[in-house]
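Here are a few notes to read alongside the model. Have it open and follow the points in order.

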Amino acid sequence: MYATGQDGYGVNRFVNMCYERWGSEVINDASIVVPNYLWHIFTRFNWGEPWGARTREGQLELRLSNQRYFKRNFIPPMLGWFLIRSASERFEATALDEIEWVLSKAAGFNAGFSLVADMAVLERNGNINILLDSVRVWEEARHAQVFTAEQRQRLCDAKSDWHLEEAGRGRWKLYPIAISKPFVCSTEELQPGQPGGADWAFYNKYAAQPLRFCLRVMPSYGNEDATVERPTIYTNGTYMTFETEVAVNEYLVCEGASEGKVYDRNWNLLRTVKTSAEAPTVAAGGQTLSFSCKFKGDPKPVVSVKVFTRGEPEQIGAN
């Protein structure tokens, strides 16, 4: 409507013509905070678009500032649009921690949102049922209004991560989550004669717990045929070796147990592998994580590891 040259008048006139012809109540959505006149017509404003940026980054400041705008103007809070992605050259496929980041902000602001995906993406993403079930769990808790004002304030923090689990009818467990920045192991950084591996300084702000991590193998200089063999992590006296080969664009995930799961780039489970030991204990405070593997391919791939730790759960809901 702006492109007609009539600016705000064209927008208002078009929407008003639609509104006058609706025969019954219509729930309607605006993707932009438009002229004040439309406050009388629109059900909600849902501005904030996911295109061209990661889930946690796409128009983040705008999304958050809009919540203050909505509150001042008696408009239902909405976080905007979020995209469920397949893997591409620029982005990884949408993972559970990204969806829970969105859902925790929605719970904090008590805001609605939109998830965008086409059927091809939904069919391609191997963890889509886990993602959608997480939406159900968080939204049931949000609509039940079980979060305290203090919890909601913490959930609103854009730098915070959370995990929510069902704990019986009308009850949930809320876990604070810490996700490390990616630890990277690249053969380009090794000295001559140095074995393939790396030592990383890691700080756990929570209590001691089993190691949870997500390992990703990435191509170097476009070599899609490279792999790593026998990835091993050592800390606090325990070596944990996975007797498997992980190819470029695959993930190895350990959830604190004596096994790992290998996924393709779209989170489809390829296989489950046993390990040489139970998951090492990540102590509270600072420590060193040592990683090693056998790199195969020329040029050799790059390994990236994110470590997940969680705090004690908060019981919410019915007593």
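1. Helices (H or I, at least four residues) are DSSP runs, numbered from the N terminus.

2. Bear in mind that this is a predicted model, where local features need pLDDT of at least 70, side-chain atom pairs count only at pLDDT 80 or more, and totals for chains, interfaces and linings use all residues. Residues are numbered from 1 along each chain as its sequence is written, and side-chain values use heavy atoms, with hydrogens and water left out.

3. Now look at helix α3 (residues 96–109) and helix α5 (residues 128–143), which pack at an angle of about 15°, their axes 10 Å apart. (Axes are lines fitted to C-alpha atoms, for helices over the stretch in contact, and angles run from 0 to 180 degrees between N-to-C directions.) The pair α3 and α5 is therefore roughly parallel.

4. Who touches whom? On the α3 side you'll find Leu96, Ile99, Glu100, Leu103, Ser104, Ala106 and Ala107, in contact with Ile130, Leu131, Ser134, Val135, Trp138 and Arg142 of α5. Contact means heavy atoms within 4.5 Å. Sorted by class, that is nine nonpolar, two polar and two charged residues. Ala, Val, Leu, Ile, Met, Phe, Trp, Tyr, Cys and Pro count as nonpolar, Asp, Glu, Lys and Arg as charged, and the others, Gly among them, as polar.

How values were computed. Helices (H or I, at least four residues) and strands (E, at least two) are DSSP runs, numbered from the N terminus. Angles under 35 degrees count as roughly parallel, over 145 as roughly antiparallel, 65 to 115 as roughly perpendicular and the rest as oblique.
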